[in-house]
Amino acid sequence: MSIYDTLNKEQKEAVLRTDGPVLLLAGAGSGKTRVLTHRIAYLIDEMGVKPWNILAITFTNKAAGEMRDRVDRLVGFGADQVWVSTFHSSCVRILRRYIDRIGYDNGFTIYDADDQKTVMKAVIRRLNLDPKIYKERNFLSAVSSAKDELISVSEFERRAAGDYNRSLQARAYREYQETLRANNALDFDDIIVKTVELFRNCPEVLDSYQERFQYIMVDEYQDTNTAQFELVRLLAEKYRNLCVVGDDDQSIYKFRGANIRNILDFEKYFPEAAVIRLEQNYRSTQAILDAANAVIRNNTGRKEKTLWTGRMGGEKVRFRQFDSAYEEAEYIAEEIARKAVKKGMEYRDCAVLFRTNAQARLLEERMIMEGVPYNVVGGTNFYSRLEIKDILAYLKTVDSGRDDVAVRRIINVPRRGIGNATLEKAEEFARLRGIGLYSAFERVDEIEGLGRAAAKIRSFVELIRKFREARSRMTVAELIQLIIEQIGYEAYLQDYDDDGEDRIANVDELITKAVNYAKTHEEATLQEFLEEVALVADIDNVNDNDNRVLLMTLHSAKGLEFPCVYLAGLEDGLFPGYMAVNSDSIEDLEEERRLAYVGITRAKDELILTSARTRMIRGETQYNPVSRFVREIPPELLESGSAFGRKTADSRAASAFTDRRRDVSQGDSGARAARGSDGVADYRPKAIVRPKVTPRADKPFIAKGIGSLNQLAGISRGAVYKAPEALTYSVGDRVSHMKYGEGKVIKIDREERDYKVTVNFDKAGQKIMYASFAKLKRL
Ligand SMILES: Nc1ncnc2c1ncn2[C@@H]1O[C@H](COP(=O)(O)OP(=O)(O)OP(=O)(O)O)[C@@H](O)[C@H]1O
Ligand SMILES: [Mg+2]
């Protein structure tokens, strides 16, 4: 039997039709990704296509890794020569070779979100705009949307003419772009945009890649944006062997410029395209698929699809509502622990999905208490931690010194007493000469008026010089160790805050990564290491061999599948989000609904939906109704039993502890406020019991991510014990709130640590919030 015999008729057609454009449109779990891997195998094994003539693009590095594994298993020989990668990694590889043709240096750096913010803040300062009114994130999102649509600075300026706000954005875009250029840096969007620019401006380069990639495949095509589509279109223009697979019901990146039009336009640019549809879902049970269909059916203007599964029956989808988010988290963690212990479920077979990153923390807390090993994907990206960024900034400076943001980051880490005035002088010196900040430091003797600060800069330059020397005879891991020792970084971290130990552990983790990197890459250079690090999307921190429950946002879960899935926080106002619920257009709501569809269809055998009646968000208690997505599932498809029957004395004590801790950090009586007045709560923590927070000895305790105990403890340690300040408003006043708009104060309760304010908002209705968090302004 050949591997192709396991495919159904339509899948086989998509695999065998190797020449010419193919559009494969099909619902979740219908084997689209499987078609791509089999297609690669078929091209190599049966058609004699050279592996290096194939390019397969996926959405995340994890997906790329999975596809690579599957291809390795299917193809006997040469699979490693196939380019299986994300848009971004492919483009970086191309730009490393050729970006000098469009005026950059091939050793460019890649800026992450934090770096971008730093640059944009400086731009706002330089444009003399009031940073209280003009926020870098607004400018950055305007810039990013422009880049998604391939709108250049000058085009943006042209379109902005006559519109004050757009013109400001245009100026910011120009300044921002010039700064990046001066630093020889690209942001994430530039990686695609510059590749398109390169292809458009250098036909010979484009031609060489067209020859190279004679067969191109794109997974999750529904989420490609205009720039990415143009890139693929250019590459495929000559041979036209382009196969894209996607599902319009799973398009969830509109906010990032993903363009559903690309699906519709595909046939326009490739009129000869064969359109293939798959209708059998191989992933989920009928019960799960029914729920998914019941939800997505409510979107308008979609192409109705028939999706069926041979996996008849299956456990009903479960729905549980809790009084608070703590109880929700407790339920999930306890149940997972029980399944693992009693039923021998593997932790890795289970995922907890949620709408916003902020939901992770409570879940983590409970996982730790239950001794459930877990990994948080996203939100707490390892590489965005302060300590990791510090070390990487050192490495970047040692590597090239061309990245001003990196140099600025470490100039006073650890403290060297180099003040802002000194830095400004150096920056001015650099700007006038068109050189980088580090180059200015190297010429410190020429900078006037530095006084004693000059010596401090000189010794910094000397330090970097030493590291550069060492670099040639050391591995990356050794270099990191040397840097840590020389700058006294451990002591610095210990002093920095209460999380010193954890931070040091993270740095150790980076060293481990560097060691592993060297093992898997023959010529592991520092530059390559930095490049890989810059590209790892959040999901890539997950090590598949780890037997852990995955906690992640719905966005990160795309394309993945798990036997058991918990979908948490199903409340109107959270999922669908507040904005989508209150927006006039249905587009936002429909995008949220597609996200719900993605979530539901990740489950193979078991799906549990949960929600909480009350939830604290930034000190405000929110009372949210059950998500409309749950209500869209007909009751006969749901099993909604009691959530409280099985609560043990132990777990009550534990929740009392959690609630109490929230009390302290959020102001007194937080738990009471959180529980609300609907009278449903079946118990109240009368005595505050403080169980010792030690992981259970009989279960594996592995806490990765932000969830280590030290850091958890930091929740309360870090909390501010604020005495209530005098309020500037009183009952009856009209006030405004950043998110909810205007409303009237109905009640103010003075509590030990804060005021609890009840406001009736004109649009958002009644909310109870703590004054120090709510930042209400009297009108
Ligand atoms: N013909 C088949 N026979 C058996 N199993 C199959 C077949 N086709 C797909 N599967 C299995 O069904 C599951 C879903 O397949 P796959 O991940 O390729 O779907 P997909 O369409 O890419 O889903 P998504 O839309 O979520 O990305 C996988 O476990 C896959 O191995
Ligand atoms: Mg897929």
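**Entry: helices α22 and α23**

I looked up how α22 crosses α23 in this predicted model, and I recorded a right-handed crossing. Helix α22 spans residues 489–496 and helix α23 spans residues 500–520. I noted a packing angle of about 145° between the two helices, and their axes lie 7 Å apart.

I then asked which residues make the contact between α22 and α23. From α22 I listed Glu 490, Leu 493, Gln 494 and Tyr 496. From α23 I listed Gly 500, Arg 503 and Ile 504. Sorted by class, the contact of α22 with α23 holds three nonpolar, two polar and two charged residues.

**Entry: domains**

I looked up the division of the protein chain and found domain 1 (9–99 + 193–278), domain 2 (109–183), domain 3 (308–379 + 542–640), domain 4 (382–535) and domain 5 (725–778). For domain 1 and domain 4, I recorded a distance of 38 Å between the C-alpha centres.

**Entry: ligand 1**

Which residues come nearest to ligand 1? Of the 19 residues around ligand 1, I noted Gly 31, Lys 32, Thr 33, Arg 34 and Tyr 282 as the nearest. Helix α2 (residues 32–45) supplies the largest share of the shell, with three residues.

How values were computed
Residues are numbered from 1 along each chain as its sequence is written. Chains are lettered from A and ligands numbered from 1 in the order in which they are written. This is a predicted model: local features need pLDDT of at least 70, side-chain atom pairs count only at pLDDT 80 or more; totals for chains, interfaces and linings use all residues. Axes are lines fitted to C-alpha atoms, for helices over the stretch in contact, and angles run from 0 to 180 degrees between N-to-C directions. Helices (H or I, at least four residues) and strands (E, at least two) are DSSP runs, numbered from the N terminus. A crossing is left-handed if the near helix is turned anticlockwise from the far one by less than a right angle, and right-handed if clockwise. Two residues are in contact if their C-beta atoms, placed from the backbone, lie within 7 Å. Ala, Val, Leu, Ile, Met, Phe, Trp, Tyr, Cys and Pro count as nonpolar, Asp, Glu, Lys and Arg as charged, and the others, Gly among them, as polar. A residue is near a molecule or strand if its C-beta atom, placed from the backbone, lies within 6 Å of it. Domain bounds come from an automatic or database domain assignment.
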